[in-house]
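Here are some comments on the model you sent.

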Amino acid sequence: MEGSDVGQLQTPLGLPAQLTSILIAVAFTGFFVAIKSRLSNVKTSKDRSDAVLKLIQQRRSIFPKDFNGSQVPRSVIDRALEAANWAPTHGKTEPWRFVVFAGAEAIANLESVKRAATTQLFADSPEKLRAALDKMDRKAKDLVNVQYIIAICCKRVPNRKGELMPMWEEQAACACAVQLTAEGFCGYWSSGGTGKAGWASSEACRALLHMDGECQGEQDAVLGFFYVGASDKAAQYRAARGAIAEKVRWYD
C-alpha cells in the first residue's frame, strides 16, 4: 500500500473538535463504521452521520515528506489504539498487534534493522542492493519530522475451538483496526518491505516486533508501517472517486 490512499489522521475543516477518533473498515463482506468519541455539539443522529461522512470524504494520506515536525501527544496515539482494539473480529481472535516506535532513537533503531535486513536480502545482487540502499537514504531525511512509526501486525492465534481463522479474515480485521483521527495530525500507511521476500519478514525484524511466532504451522505477519506526524500541507492534497453507482449492483 505504499503510495496508496490509506490511513490518514488529518482534521477536515468544519468538523467538531470533539470528533476524536473514527474506525473505518472496508472488508470483503461489508462496510463498517464505528465511532469512539465525545460528540457533545452533534445534536442528532443525522448530524452525526453527516459529520462522519464529511470526515470520510476529506480523509487524505499525507506523505512523511510533508510532515512539519510538530509534536504529536502520546495521548493521541493511545486513543487511536484504544479505538483500534474495537475492530470487528470474526473468530474473536483479536489478531491485530501494534508496535510503536516513538521518537528519533526508536525510529533509528527500526531503520538500522531495516538496513541490515535489506543488505542481507540482496547480498547476492549488488545492483539491487545499491538501489534499495539509495532509496532508503533518499527517504531518510523525511524521517526527521516523523513522530511515530507504528508497525501493523497480524498475530496468528486460534479461535475458541482451537482452530485458525482464514488468514484473509485476520488481515481484514487488522486493516479494520487502522485508525483515522480528527485531532489535527496526519498519517501514512506504507507496506514497503512486507511480504515473504521483504525486509520486514527477516528474522531480525520479526524478532524486534515480537512477530516471530507461529501457530499450527502458520507464521505471524507484518502488514505495514504507519507513519504519524503533523503537517500544514494537508489542504494541498486532493482526492477524487468515481460514482458509487458504477460500483454497486442492486437486486430488488
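Predicted model: local features only at pLDDT ≥ 70, side-chain atom pairs only at ≥ 80, totals over all residues.

1. Lysine 233 and aspartate 66 form a salt bridge through their side chains, at 3.7 Å from N to O. Lysine 233 sits in the segment after strand 9 (221–229) and aspartate 66 in the loop between helix 1 and helix 2 (74–84), so the contact ties together parts that are 167 residues apart in sequence. Aspartate 66 is buried, at 9% relative accessibility, whereas lysine 233 is partly exposed at 34%. A network of salt bridges links Lys65, Asp66 and Lys233.

2. In helix 2, arginine 74 and aspartate 78 are four residues apart, or about one helical turn. Their salt bridge has its closest N and O atoms 3.7 Å apart. Arginine 74 is exposed, with 61% relative accessible area; aspartate 78 is partly exposed, with 40%.

3. Arginine 130 is partly exposed at 46% relative accessibility, and aspartate 134 is partly exposed at 31%.

4. Helix 1 (residues 45–57) spans 18 Å from its first C-alpha to its last over 13 residues, close to the 18 Å expected at 1.5 Å a residue. Which of its residues are buried? Ala51, Val52 and Leu55 are. These lie on the same side of helix 1, because they cover an arc of only 95° around the axis. Lys46 and Gln57, on the other side of helix 1, are exposed.

Terms used
Residues numbered from 1 in each chain as written. Heavy atoms only, no water. Helix = DSSP H or I, 4+ residues; strand = E, 2+ residues; numbered from the N terminus. Expected span 1.5 Å × (residues − 1). Buried < 20%, exposed > 50% of the residue type's maximum accessible area, 1.4 Å probe, protein only. Arc of directions from axis to C-beta. Salt bridge = Lys/Arg side-chain N within 4 Å of Asp/Glu carboxyl O.
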